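Dear colleague,

Please find below the structure that I am handing over to you.

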Amino acid sequence: MTQRRERGGWSARGLHRLALAALAVATAAVPTIAVAGAGAAPTTSSATAAAAAGIAPDLGPGTLVLDPSMSTADIQAKVDAIATAQVSNEMGPERHAILFKPGTYGTADKPLNFQVGYYTEVAGLGKDPGDVVINGSVYVRNQCGSSGCIALNNFWRSMSNLTINVTTPDFGCYSGQFWAVSQAAPLRRVHVKGQTTLMDYCTGPSFASGGFIADSRFDGAVINGSQQQFFTRNSTVGSWSNGVWNQVFSGTQGAPAECFPAATACGGPYTTVAKTSVSREKPYLYVDDAGAYRVFVPAAARDTSGTTWASGSTPGRSVAISDFFVARPSDSAQAINRELARGRNLLLTPGVYHLDQTLRVKRADTVVLGLGLASLTPTTGQVAMSVADVPGVDIAGITFDAGPVSSPVLLQLGTRRAAAGQGPSRAGWSDAADPTALQDVFFRIGGPYVGKATVSLEVNSDHVVLDDIWAWRADHGNGVGWTSNTADTGLVVNGDHVTATGLFVEHYQKTEVIWNGEHGSVTFFQNELPYDPPSQAAWMSSPGHEGYPALLVGSGVKSFSGTGMGSYSFFNQGVDVFAANAFEVPTTPGVRLHDLLTIFLDPSTGKGGIRNVVNGVGGSSTIANPDVPVTVVDYP
């Protein structure tokens, strides 16, 4: 993602007209974090000790816990101070969690309206979304610069587990719940009563590119507007205004009917899947009726639609905070590993953790939960985190930043097989009823500083759910260049029965996703090929084969499905560079792809393009057809 994406298919004037039209319809229808050192640390943090003694845990200086007894003015001042520091702090080390205890915040006369910036998590501490109610809005708007006002780089923030009664008096154009974001900015377990817009149409050109919603309910209209692609899973929407390139819905009640490619008769483009085949919602921190902090771990589910809390509380298990090691960035990797080895779960308070050894998760059903988009960085070229051959591990809310010494892998799930795609499921740890899951786990190669890693995420385990993954080789920021932030592949899947819902992988230097496992499934895939290959000769997967695909399914795979998948090109080095195909898969009855597209971005300076959508089929996206989706509905 980069400022170059401002050319994405819609003029500023056209977007403004579309937003105003959707708004009219909707209105009528709906009334100093410490840096971790390498030295030894105590075996139990003060936060964990406090929790064991029945005292509220110390969640670190980056966490703000709010209580409904506080005045709205006091809360407003605190959250505004965080926003002031974070709205433009794209590559900084600061991390924040703003947590609301159960209760009601703001009133019709004095609503609570505040902005969310980078590395800020906003979450309710209730058991259910209705336990925390905000009369007001929690919003993200465009950032304005030399190229205008856009949301293309509005990454790394989140909101979850609360209800918003949209109350925005005297906001003028900004009336409503605004969430103008791109990647790594999920909405989960949110109930919005009123109008929601996923673009900021109040300043132009208003471009936005990508987002994720899960387990949420929107009683009013949702204005998609300029969002070039978006994925909504297991939710309920009152209505959805439009699509641009790749709008995908899975298990979403009220979603538009399938319409791909876009057509006058049905609007679109929409890819609509009635039920989500496998899901596991993200664990979350909450306060029980006795005032004790706990973590709720939702159960896995199959063939579902709508929210998990529509007919009562979400199914799952509750874990006492005393069963967690509550870590701070000053805790060493050795200390964290000691607590993991003792059988504790891990709660990472906000901050950046510099690790001099691999964090090792060895116990089945271990929960690793980050607050405030906590970040892990390996410093010696090691794997940042590894998970043993055990079922039911849940890793959520964490960013993995590559370090200056190249790591072979940043996060490794399970042990590599002797030969990818061979061998039976490992009895005793491969459990379809208790899958390992990743939710809101993000990978970054470069950006804040030079980073290098061959592979970002390697999945060797069977029965894994990948839910909202963004693997990003940085195209802007610090330490960015073809020979600087080096990275071959974002995701390698060797395990069987791996399900990805909401997969974003961008700018890696070779094949972006390699899928070797059987019975794999991807619903919604968003990709941009690397911007910066210096020449065609430098970007060849084999002699005579131009470039690398965005997604490659191994030649021996017999069963795989992909739905709602897009790949875009923008080669910015001033020379023609081509990829032969966006997708390459074996031609066999069990491998099926549905609703695919490619796009050539930025006709003013872009070069080259993508020759074919999949396996020589679908036509090319080049300067001859800029910003126009080239589609394949079904392959084969």
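A salt bridge is counted here when a side-chain nitrogen of Lys or Arg comes within 4 Å of a carboxyl oxygen of Asp or Glu. By that criterion, a search of the whole structure finds 18 salt bridges.

Please note that this is a predicted model, in which local features need pLDDT of at least 70 and side-chain atom pairs count only at pLDDT 80 or more, while totals for chains, interfaces and linings use all residues. Residues are numbered from 1 along each chain as its sequence is written, and side-chain values use heavy atoms, with hydrogens and water left out.

Salt bridges

One of the salt bridges joins the side chains of Arg-233 and Glu-281, at 2.8 Å from N to O. Arg-233 belongs to strand E15 (residues 229–233) and Glu-281 to the loop between strand E19 (276–280) and strand E20 (284–287), so this pair ties together parts that are 48 residues apart in sequence. Strands are DSSP runs (E, at least two residues), numbered from the N terminus. Arg-233 is buried (under 20% relative accessible area, with over 50% called exposed and partly exposed in between, for a 1.4 Å probe and protein chains only), its own value being 1%. Glu-281 also counts as buried, at 5% relative accessibility. Both residues take part in a network of salt bridges that links Arg-188, Arg-233, Glu-281, Lys-282, Asp-440 and Asp-467.

A further salt bridge is formed by the side chains of Asp-434 and Arg-280, at 2.9 Å from N to O. Because Asp-434 lies in the loop between strand E31 (407–413) and strand E32 (436–445) and Arg-280 in strand E19, the pair ties together parts that are 154 residues apart in sequence. Asp-434 is buried at 14% relative accessibility, and Arg-280 is buried at 6%.

Glu-339 and Arg-342 also meet through their side chains in a salt bridge, at 3.1 Å from N to O. Here Glu-339 is buried, with 0% relative accessibility, whereas Arg-342 is exposed, with a relative accessible area of 52%.

The sheet

Nine strands form an open sheet with parallel pairing, in the order E27-E29-E31-E33-E35-E37-E41-E43-E45. Strands E27 (359–361) and E45 (609–614) stand at the edges with a single partner strand each, so one side of each is left without a neighbour in the sheet. Two strands pair if DSSP finds at least two bridges between them. Strand E35 (residues 489–493) and strand E37 (residues 513–515) pair in the parallel sense over three bridges; Val-492 has Ile-514 in E37 as its bridge partner.

With kind regards

Conventions:
Helices (H or I, at least four residues) and strands (E, at least two) are DSSP runs, numbered from the N terminus.
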